[in-house]
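Here is a short report on how two protein chains come together. Look over the sequence and the structure first, then read on.

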Number of protein chains: 2
Amino acid sequence: MAKELKDLTKRADNYSQWYNDLVVKADLAEQSPVRGCMIIKPYGFAIWEKMKEQLDKMFKETGAQNAYFPLLIPKSFLSREAEHVKGFAKECAVVTHYRLKSSEDGCSVEVDPAARLDEELVIRPTSETIIWNTYKNWIHSWRDLPIMCNQWCNVMRWEMRTRPFLRTSEFLWQEGHTAHATREEAEEEAKKMLHVYAKFAEEWMAVPVVQGVKSETERFAGALDTYTIEAMMQDGKALQSGTSHFLGQNFAKSFDVTYLNKDNKPEYVWATSWGVSTRLMGALIMVHSDDNGLVLPPKLAPIQVVIIPITKGADQLQAINAKLQPVIDRLRDMGISVKYDDADNKRPGFKFADYELKGVPVRLVMGGRDLEDNTIEIMRRDTLEKESVSFDGIAERVEGLLEDIQKNLLEKAKNYRDAHVYECDNYEEFKERIKDGGFYLCHWDGTPETEAKIKEDTQATIRCVPFAYEQTPGVDMVSGKPAKCRVIIARSY
Amino acid sequence: MAKELKDLTKRADNYSQWYNDLVVKADLAEQSPVRGCMIIKPYGFAIWEKMKEQLDKMFKETGAQNAYFPLLIPKSFLSREAEHVKGFAKECAVVTHYRLKSSEDGCSVEVDPAARLDEELVIRPTSETIIWNTYKNWIHSWRDLPIMCNQWCNVMRWEMRTRPFLRTSEFLWQEGHTAHATREEAEEEAKKMLHVYAKFAEEWMAVPVVQGVKSETERFAGALDTYTIEAMMQDGKALQSGTSHFLGQNFAKSFDVTYLNKDNKPEYVWATSWGVSTRLMGALIMVHSDDNGLVLPPKLAPIQVVIIPITKGADQLQAINAKLQPVIDRLRDMGISVKYDDADNKRPGFKFADYELKGVPVRLVMGGRDLEDNTIEIMRRDTLEKESVSFDGIAERVEGLLEDIQKNLLEKAKNYRDAHVYECDNYEEFKERIKDGGFYLCHWDGTPETEAKIKEDTQATIRCVPFAYEQTPGVDMVSGKPAKCRVIIARSY
């Protein structure tokens, strides 16, 4: 067994450590010398690229266009929207100088005090302010609307406690920023993009999500409403995996963005913004993977099939190579990414463990016996089941299996999730049970006081008011006051 | 005629102003409130996306993999390679603080002096230092080599004079960083990537380039050799459009990156880096465009064909729509991007001028007469020639025309370039003629003194020693000393 695999912490022993181990051992990412910033390694980045490609396509199908806005934002821009600055000022990286100079001993460089900026610039924590400052010049009449721009970029939020993918000071994301003539249109856009995220999570990541609306406390800084998709990890904790915001006219007012309506009267523009980030990688890893390593849904796996020959001597290798080559070609023609690993410096057992660790969905192995019998061994990573099957029609069998794995992962995750969603009406019971994780559907009186008490007592937070849940009024389990609806409460990442 | 077009400066009047106008009027980019940083608008970004997509494919075909390294680099990293820090320290944006706080009057935010970083961080001007610091952990034995990573990202170099795409403080680029076991392999990689750039420039941008090696003065800070592709703009000036660097063992030594060779002995690793940036957009614009606006090569045009109906009344519009729809579908099936513009709030003349300004390669127009005659008007943007042709087989005709335009643009640019490359042996003559632009092939004695004198006298610089030029020894036109080869001298952007 590969050394890497032996050292992987078991989920049951320490789920959090298992995750940290896995990110490093599966070659997804590593810490950098800059506090809280990670290096995304080629294998991890290849997964992110596949996510990006599909999301980008889905965004464009809604009419969004990509653009690029500056990394640096004048400090004063942040202050223009009062809630926004409250939310982000405390975690801004600030550029104060634009030049270094040699130190007196000539051995190092130091900040050149003569090159101080008149106004400090912050590295974007998000781009509403610079974008709405720009939209002011783009929007004049109702004919200029809607505007739907997206950008794929890096952002920086100086976090005190960081974890790879889940919470890093610098992260990669996309941020969509749209401008609309009416409130209705903007609200519809925010909901539409949430549905796009949910569809992507389920169909591509095989991660089922709960869609809903955040409480006021949990809203994006500057939003009137924040919509969210919440996924459940294998420890029963929630991971907020994507959000879209109905921003009302807040940013239009702060940056004085008006348009002339059809009656030639000026009105403030309505806004949304929406984003997903490399955090999705965290969800992908935590939902499916196991004690042997990553488990990747085929649609996002950089390598979908690995083929390993086990041979004695060069003649047999040559015969197996010749037998396998048409299958490799056939699979690639089908658009399936194949790695043929005939490297002779690693033992089969090492390779098996390594590709399991990396989550390759299907493994084919051919040995001398298979060659004689016209068979091949096929293993699926999701269940670790393996069987010896006929070599004939193997490509089609692999194709079918990949589809099956994709479906099975979603179903498995859905079953797990559904088995850990509970209605709960008693606070004492809740406090006991929340320790084991899970999503709790509880009546809430709508006050921040109750919300704060739950958080203080249990570290759990209101994740959202779920859309797809038949609501009935009831009684808040904490305050005993009347409650209009149930919310989902959970501990979260 | 559209107002935008009327205001476009003519190339002959002021080439530089024409360029600045065009970037804004064609909706490619605009200035941002942050000094020297631009906003890339959706139309401009769509061109850049097409460039990225093709380049990325070509890089991956060479075996490169994408990854992501941190935006911020510890100040001390820069100092590790002596030449490198000299080259970049003077233009670094420096992060000194990680938090803002409310000002005393509560109306704005200011830097929180309590949140000063122990060590300042610079926004990457390029990533050799942070990447070689990382490679140290990735490389142990010859089996780990080569490593070929690329990243698409933003970088920042604080420039005093900026121009959209050509020189901006923040720009988008890709930077490849490779690590090799031998000097030969690294040199070969640097040259290979230069050829990839040249191929891309010619086949996709329709921009012919001269490939060559830079003089020592013009080398990348920290390189042993810098290879370059140089394109000629319509004013005869050179634009350095891409570079690849053979870095020797400089960064391996600075960051102590060694590997065990096959004899189990430690050796320093050999390095290259290579990059192209949004500067390519500048080359694309300046090489092909004319006084009517952008001229885009079909392979990079976001809209390849625009179709405009000219109608009187709703019935005729309906008939024309019905006639055109199958052609639109057919073109899209062929993978051609089509815009059908039947908006009724703009006059045809405005639309014509606008799509010319935006460089759409082919325009089709159908009016009532065409409907009766089964004809359609077709115009090609590169020559502005239009003709009335049979409607039958129009999709195939458009497809052929797009290929023809792509070829014609390259040929035209090649002819222009070739007509403005001169051998020159007399310095007085050179000083006169360089005022009119052009590439001058002159013997050079190889000294920085001569190079400096030429620059001082004429603002022209040595662009490169071209690879594809049959060299004969001669006499330096400035110093009268013996010279081994001719170099290309030109004024440049």
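## Where the chains meet

Between chain A and chain B there are 26 residue pairs in polar contact, both residues at pLDDT 80 or more. The side of chain A that touches chain B is made up of 39 nonpolar, 12 polar and 14 charged residues. The model is a predicted one.

Salt bridges also link the chains: chain A and chain B share 2 of them. In one of these, Lys60(A) pairs with Glu49(B), with 3.1 Å between the closest N and O atoms.

The counts and the area for this contact are set out below.

| Item | Value |
|---|---|
| Residues from chain A in the contact | 65 residues |
| Residues from chain B in the contact | 65 residues |
| Area buried between chain A and chain B | about 5,100 Å² |
| Share of that area on carbon and sulfur atoms | 67% |

Of the interface residues of chain A, 100% are also interface residues in chain B, so the copies meet through the same surface.

How are the two copies related? A rotation of 180 degrees, with 0.0 Å of shift along its axis, places chain A on chain B with an RMSD of 0.0 Å. That is the relation of a two-fold axis.

Which residue of chain A comes closest to the rotation axis? The answer is Val95(A), whose C-alpha is at 2.1 Å.

Strands pair across the contact as well. Strand β5 of chain A (residues 94–97) runs antiparallel to strand β5 of chain B (residues 94–97), and 3 bridges join the pair. Within this pairing, Val94(A) stands opposite His97(B).

Methods:
Residues numbered from 1 in each chain as written. Chains lettered and ligands numbered in written order. Predicted model: local features only at pLDDT ≥ 70, side-chain atom pairs only at ≥ 80, totals over all residues. Heavy atoms only, no water. Least-squares fit on C-alpha atoms with pLDDT ≥ 70 in both. Contact = heavy atoms within 4.5 Å. Buried area = accessible area lost by both parts, 1.4 Å probe. Salt bridge = Lys/Arg side-chain N within 4 Å of Asp/Glu carboxyl O. Polar contact = N/O pair within 3.5 Å; in protein donor to acceptor, adjacent residues only side chain to side chain. Nonpolar A, V, L, I, M, F, W, Y, C, P; charged D, E, K, R; others polar. Pairing = 2+ DSSP bridges. Helix = DSSP H or I, 4+ residues; strand = E, 2+ residues; numbered from the N terminus.
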